[in-house]
Amino acid sequence: MRSCRSILVSFLVSFLATLPFALPVTLLVVGSVPVAAAELLPADRPINEAIDHYLQLGWVEAKVKPSPQVSGAGLIRRMTLDLAGRIPTVGETRAFVDSSSPTRWTGLADRLLESPDFAYHHRNQLDLLLLATKKSDGEFRKYLLTAARENRSWDVLFRQMMTGREENSDEKPALAFLKARAGSLDDLTNDTSVLFFGVNVSCAKCHDHPLVDDWTQDHFYGMALFFTRTYLTKKNTLAEKPTGGIKFKTTSGEEKQARFMFLTGTEVSEPKVELSAEQRKAMAAEVKRQMKDAKAPVAKVPGFSPRAKLVELALGADDRRFFSRAIVNRIWLRLMGRGIVDPPDQLHSANPPSHPDLLDWLARDLATRGYDLKRLIRGIVLSDSYAISSRHVGEGEVPGAETFAVGSVRVLTPRQYALSLLVATSNPDRVSLEAVSGGWAKRREQLEGEAGGLAGKIELPGDNFQVSVDEALLFSNNDQLQASLLKDSADRLVGSLKSIGDRRRLIDRAFEATLSRSPDTDEVVEFEVFLTKREKAGRLSAIRQMVWALLTSPELRFNY
Amino acid sequence: MARFRSELCRPAEHVSRRGFLSAAAAGATAAGFAQDMTVLDVLKNPSLAAEIKKQQKHVILLWLAGGASQLETWDPKPGRPTGGPFLPISTNVPGIQISELLPKMAGRMQDTAIIRSLSTGIGDHGGGASLMETGRRKEPGLQHPDLGAIIARELGRADSQVPDYVSFYASTEGRRKGTSGYLGARYAPMFLSDSMIPQNIRRLESLSDIDHRERADLRDLLARRFARGRHSRNNVLGSHTSAYQRVRGIMASEELFSIDNEPAAVRAKYGPTQFAEQCLIARRMVEAGVPFVKVARAWWDSHGQNFETHQELCADLDHSMSVLLDDLEQRGLLENTLVITLAEFGRTPKINGSLGRDHFANAWSTSLTGCGIKGGTVYGKTDADGQNVAEGKIGAGELFATIFKALGIDYEKEYLVGSRPIPISDFGVHPIDAVLT
């Protein structure tokens, strides 16, 4: 994959990719082809085409056959979860599945991206990434929602989070990112590096990174130096001291003074300012006052702001590759279930991307198109690669996840799950009507609020996430949850199913509302057996327990 | 299917449990799994399976929340200005003396090792507790699992019908829930705060048992259909299935949480304090196969009135711990159960103006009893006044390595977090072999 750089080879492979996969790939020995620098696909190609081009190259090279495309019902479920943060309503699913329009896919993407849902979902995802595991006052979520509605670009968000002005009400809430971490220089340094540059430098604190030649202690302390002067005033505003450095000891015992250094090794020198002892004393006294006195006047912005310098460096043409690649990789991970660089905080030479050219192409595209995340997201969900089935069919080994030849199975975030349960347990007729009518914005806002409570009871998935038995016990035995999910009223699923006399239609309806698809023939049989048996103890209870089984099935718990 | 750390097998390093299980289920015969496949065959033999179950190892952590005084427990300093009013007493192990506040323990030191040389350096409750719970200092960008979560992962069984990690907390403990960190919620404690019965463990009265069971069966059917041909990272899909499969078993374990079924004579031995009752529940758990139980007793933070506080709390500890050890021994469980007393730190040798002792992490004590421990030993020594460690200084990392080795867990084992290998004991530490059998 990594050696496939020349246009000639790309062309050849694209051509071959159109042929049956059994084709002998020995034709494609490319190791000896001279590699020209940065022969990426032209910049004006649509994003989805670039993605499909590069992934196909990978399939040919890895000799794997991608799974077939997902069904229409599968595609709208996947896209609605990814763009709206919830499952589709029965009405949305039917409209899409029944449509014969050649542009239904593009149409769906554009409808969802312009719906009120997208901003909520994109906000929730960014919040998860940036602040959700820390304490905060909720202003940051509002800020992100506004930003998502405006499709504020990623570089602007970054700039505001790093250097927002306290006196500017638009920018001030962005500072919560740093304020939540201001108590720890390690957190400021490492979280910023991980989340904005895709690099976990914490290993390099105590010693040069053991695996990665790129990172030395100079890098860790060089990055830390950008934050060492940052502090919280008594008024909970973010300020920077006018001076301050870091001394550290290398593993060989040498004492060193940290220099402002970005991850690329680029250094900045601070303009020399001669200060008298008195001036220094006065500065120190002022910082002390800011930290202790709630009535102190607004802290002065120093002439040299290390954080502003960091932003300038990170977004500069020479060094922005970390910034742009990191976010491309995060968005890709969100939608495809695995980063092009995996894990996403190990973007360095010892951990190469699965598709380096694709990552470079997408990063170049993003940086030159104003860091427009919505555009990137749209491009990805319109690629054929995005729409591959998550089911591996046929004999043979399952292709590795890094080939993206089989769709991913991704656990929903607590909010996605809670919202989906709310949609699933609504009366399908009513919620469908709302979703296509003008009243949806208001209803969506309500749902967002309602979902918060349930979402709070479900664990946020982190590294190595496993569903815990606590979740299964919650869904199996919690009285509030049962009462709310299985409520028998006209506006809810159970209530609406109760009024359907025909058993097959009832089962069909229940599947459509919860799993966004019709049941298979043998599922209908199994469910009929269940209902017949359980109805002896009461029809309502039988319907409730059937709905419970659908709501707790992995098919609802995962995006697949 | 159990994963064993007993003598019957050696751990298959760098092969994850899930990897092993799914490979085994798929009937894989790759050479790398041969060792484990023999274990699978062993399980087909019922008498050997019973033997293995008996060898399942457990930990009961008696957490002395707030910080117990080493001078009033395991490391008395008679006749010194720091010694306080209580005298040391001789124990049934010649040469070992402990505080007279622990008379019952003094009579059964044959299974216990005392470590008197902990020097951990963190003297605030939050920081100290975090250090002693996880065995290492906090690190940016990485949340380490606590001891219970590691033990749950190492000694727990994937399909266990009982919880892996149960944590009782006393209302005054300071609300520390414990954390499974990067190991994820699968290994988080079943946490009991308000009531002695865990949340959501009881079937709703409005639902019949048969409804509860049959809807779970229907759910399982959907799950199996869905899983066909699908693979997920870290097998998160499988974890969803096994979480639901464990529900009925966990519900059946509800009776473990109740001491009503214990004979009156046993209950009388433990006595009526909450701590003692929780120790009894801990014993029931261990007997049923729970790998890790934490019982917290609070609140030892005696900045004032240190001596009255310890008179009261030590009496509870002394009685409950000695009854627990006797009970475990009589049931043949002690040789496979490690009982630990630990806190976030000890207390200052210097007695302050309020006749209290303050936080002290420089030289303090812990005890280890039972599984893998050379009983009747003392490791390490503090100086005459107890201000500094004179011999055998260790930190939290060494203690954790010792605990792991006592349980037959490879203390140098690594977890892969992202692409980063994290050793389960802190970097570069070694166990204290002197207290191990």
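Biologist: Is A:Val525 buried or exposed?

Modeller: A:Val525 is exposed, because 12 other C-beta atoms lie within 10 Å.

The model is predicted, so local features need pLDDT of at least 70 and side-chain atom pairs count only at pLDDT 80 or more, while totals for chains, interfaces and linings use all residues.

A:Val525 belongs to helix α24 of chain A, residues 521-535. Helices (H or I, at least four residues) and strands (E, at least two) are DSSP runs, numbered from the N terminus. Between the C-alpha atoms of A:Val525 and A:Lys288 there are 74 Å, and the two residues are 237 residues apart along the chain.

Chain A is assigned domain 1 (115-180), domain 2 (181-315), domain 3 (321-382) and domain 4 (414-560); such bounds come from an automatic or database domain assignment. The C-alpha centres of domain 1 and domain 2 of chain A are 23 Å apart. Their contact takes 12 residues from domain 1 and 15 residues from domain 2. Two residues are in contact if their C-beta atoms, placed from the backbone, lie within 7 Å.

Now for the buried parts. Helix α13 of chain A (residues 306-315) has as its buried residues A:Pro306, A:Arg307, A:Leu310, A:Val311, A:Leu313 and A:Ala314. Looking down the axis of α13(A), these residues fall within an arc of 165 degrees, so they line one face of the helix. The arc is that of the directions from the helix axis to the C-beta atoms. The elements covering them include α8 (154-163), α10 (185-197) and α14 of chain A.

A:Ala314 is also among the residues with the most contacts inside the largest nonpolar core, which has 101 residues. Helix α14 of chain A (residues 321-336) gives the largest share of this core, 9 residues. A nonpolar core is a set of buried Ala, Val, Leu, Ile, Met, Phe, Trp, Tyr and Cys residues joined through C-beta atoms within 7 Å. Leaving aside neighbours within four places in sequence, A:Val328 is in contact with A:Leu359, A:Leu362, A:Ala363, A:Leu366 and A:Leu376. Another core, of 94 residues, lies apart and includes B:Ala65 and B:Leu334.

In strand β11 of chain B (residues 364-370), 7 of its 7 residues are buried. Strand β4 of chain B (residues 112-118) runs antiparallel to β11(B), joined by 5 bridges, and B:Ala113 has B:Leu368 as its bridge partner. Strand β8 of chain B (residues 337-342) also pairs with β11(B) in the antiparallel sense, over 4 bridges. Two strands pair if DSSP finds at least two bridges between them.

Finally, where chain B touches chain A, the contact takes 44 residues from chain B and 58 residues from chain A. On the side of chain B, α7(B) gives the most, with 9 residues.

Technical notes. Residues numbered from 1 in each chain as written. Chains lettered and ligands numbered in written order. Buried ≥ 20, exposed ≤ 12 C-beta atoms within 10 Å, placed from the backbone.
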